[in-house]
Amino acid sequence: MVRTRLAASEVVVNGWLSIASAYAAEGVGHSGVHSVTVDLQHGMLGFSDALAMMQALSATPATPMVRVPALDPAQIMHLLDAGAYGIICPMISTPEQAAALVAACRYPPLGQRSFGPSRGLLYGGPDYVASADETVMAIPMIETAEAVARIEEILDVEGVDMIYVGPNDLAFELDGHCGHPRPKSEAALIDVLDAATRRGIPAGIFCSSGSEARKRAEQGFRLVTPGNDFAHLTRSMKDAVSVVLENTLVEVAATHGY
């Protein structure tokens, strides 16, 4: 679904999972998002959790993707064999690192991915291996000053399917904090977006909310993540508690004549 929407110049809305729950993964996969990323970098989960969550996502319309903890080819290949159709890799700052990511996601002769598709064959079907190089997406995260400075070189790497901007780490490095305002990192991420757009390479970005995701889509980002599951869960619960207490206090006041 992701590649199809990108090819049609449509925005991809990407869910983000940090809680180890196949049940939650299934629910998010049916929420209307086009892809769902299981977060193994900052999420509270491991490989076994990710496997169960991707199995749950298989029963939904959403494309399963994974953010890996680091540029570890063996781990990347293992997660691809488990059924990930996109790998988002953090802290890619050089073209050499981007090339290593691509190599881990491609079978020879295009890359160095080891044969052993396991669940890939089960989920992807008998033609999985033949079509994997055209289907699996290699997505470097751009979130350092060096990556911004070398973005043209990174985009030159054959096989980079998309870039994904990490705005908070970028703000830490360029603005000295991840709060607002963040003028230096904001200017940098727009420069990154412009560079990718000129080359016809889609850019994605993590956002704090649906409204921010809409703003980023209007700026030209092709894949937007409107927050993660934990943020939505806690925000929704806080809103519900606020409504209950506010209404209860008003009712009590009216009843007792306050």
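What is the volume of the largest pocket? In this predicted model, in which local features need pLDDT of at least 70, side-chain atom pairs count only at pLDDT 80 or more, and totals for chains, interfaces and linings use all residues, the volume is about 240 Å³. Residues are numbered from 1 along each chain as its sequence is written, and side-chain values use heavy atoms, with hydrogens and water left out. A pocket is an open set of points on a 1 Å grid over the protein atoms alone, where a 1.4 Å probe fits, with protein on both sides within 12 Å along at least five of seven lines; lining residues have an atom within 4 Å of a point. Volume is the space filled by probe spheres set on the points, which are joined across faces, edges and corners.

Of the 15 lining residues, H42, R67, N168, D169 and F206 are the closest to the pocket centre. Helix α10 (residues 167-175) supplies the largest share of the lining, 3 residues. By class, the lining comprises 5 nonpolar, 6 polar and 4 charged residues (Ala, Val, Leu, Ile, Met, Phe, Trp, Tyr, Cys and Pro count as nonpolar, Asp, Glu, Lys and Arg as charged, and the others, Gly among them, as polar). Helices (H or I, at least four residues) and strands (E, at least two) are DSSP runs, numbered from the N terminus.

Helix α4 spans residues 73-81, of which I76, M77, L79, L80 and D81 are buried (under 20% relative accessible area; exposed is over 50% and partly exposed in between, with a 1.4 Å probe and protein chains only). These buried residues pack against α3 (47-57), β3 (63-67), β4 (86-89), α5 (95-105), α6 (119-124) and α7 (128-135). G83, which has a positive phi near 120 degrees, follows the helix.

The whole structure contains 0 disulfides (pairs of cysteine sulfur atoms within 2.5 Å). For C89, which is in no disulfide, the nearest cysteine sulfur is that of C105, 8.4 Å away. C89 is buried, with a relative accessible area of 0%, and C105 is likewise buried, at 0%.

In helix α11 (residues 183-199) lies E186, which is partly exposed at 21% relative accessible area. E186 touches R216 and Q219, residues up to four places away in sequence not being counted (contact means heavy atoms within 4.5 Å).
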